[in-house]
Amino acid sequence: MRINIFGSNGMIGKDIQNLSSNKFRYFSRTSKINYFSLSDLIGSKSIEELNENDLVLFLPAMSKPSDCEHNKNECIYINYFQTVNALQIILDNGVKVL
């Protein structure tokens, strides 16, 4: 079983990365190997490669208060619609989500 951390650049994800366990695989919008971005699901092929043997800790979000205040429509699009779309793809592959 692989434990996949999506949104690993955030506060919680960074703390988990400090554990340095071989069991974890990290995904973020800054990763060249494990790229994942809620704003670019088409470019985030990594979620389609997950299967029923995987576990996902899903942490990505647009969360900086000033960004959300100044870009309300983008915040709603990313944090609601794209999160629903990403989770649906993950769940359709039989992946367990935390």
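This is a predicted model: local features need pLDDT of at least 70, side-chain atom pairs count only at pLDDT 80 or more; totals for chains, interfaces and linings use all residues.
## How the chain is laid out

Helices here are DSSP runs of H or I with at least four residues, strands are DSSP runs of E with at least two, and both are numbered from the N terminus. On that basis, the protein has 3 helices and 4 strands.

Residues are numbered from 1 along each chain as its sequence is written, and side-chain values use heavy atoms, with hydrogens and water left out.

## The whole protein in numbers

Along the principal axes, the C-alpha atoms fill a box of roughly 40 × 30 × 25 Å. Buried residues make up 36% of the 98 residues; buried means under 20% relative accessible area, exposed means over 50%, and partly exposed is in between (1.4 Å probe, protein chains only). The accessible surface comes to about 6400 Å², and 54% of it belongs to carbon and sulfur atoms. Those areas come from the Shrake-Rupley method with a 1.4 Å probe, and for residues only the protein chains shown count as cover.

Now for contacts, meaning heavy atoms within 4.5 Å. Take the contacts with a separation of 6 or more: residues 24 or more positions apart account for 54% of them. As for charge, there are 10 positive and 10 negative side chains, and the centres of the two sets lie 6 Å apart. Lys and Arg count as positive and Asp and Glu as negative, with His and the chain ends not counted. Each charge is placed at NZ of Lys, CZ of Arg, CG of Asp or CD of Glu.

The structure holds 1 salt bridge, which is a side-chain nitrogen of Lys or Arg within 4 Å of a carboxyl oxygen of Asp or Glu. Its partners are D54 and R2, whose side chains meet at 2.8 Å, N to O. D54 is in strand β3 (residues 54-58) and R2 is in strand β1 (residues 2-6), so the pair ties together parts that are 52 residues apart in sequence.

The two partners have their own levels of cover. D54 is buried, at 2% relative accessibility, while R2 is partly exposed, at 33%.

## Two buried residues

I5 also sits in strand β1. With a relative accessible area of 0%, I5 is buried. Leaving out residues up to four places away in sequence, I5 touches G13, I16, F24, R25, Y26, F27, L57 and L59. Look at Y26 in that list: 21 residues along the chain from I5, yet the C-alpha atoms of the two are 4.9 Å apart.

S46 belongs to the loop between β2 (24-27) and β3. S46 is buried too, at 9% relative accessible area. Again skipping residues up to four places away, S46 touches F6, F27, Y35 and F36.

## Toward the end of the chain

E74 lies in helix α3 (residues 72-92) and is partly exposed, at 39% relative accessibility. From E74 to M62 is 12 residues in sequence and 8.7 Å in space, C-alpha to C-alpha.

V97 is part of strand β4 (residues 96-97). Its relative accessible area is 31%, so V97 is partly exposed. Which residues is V97 in contact with, leaving aside its neighbours within four places in sequence? They are V56, F58, L87, I90 and L91. One of these, L87, is 10 residues from V97 along the chain, with 8.2 Å between their C-alpha atoms.
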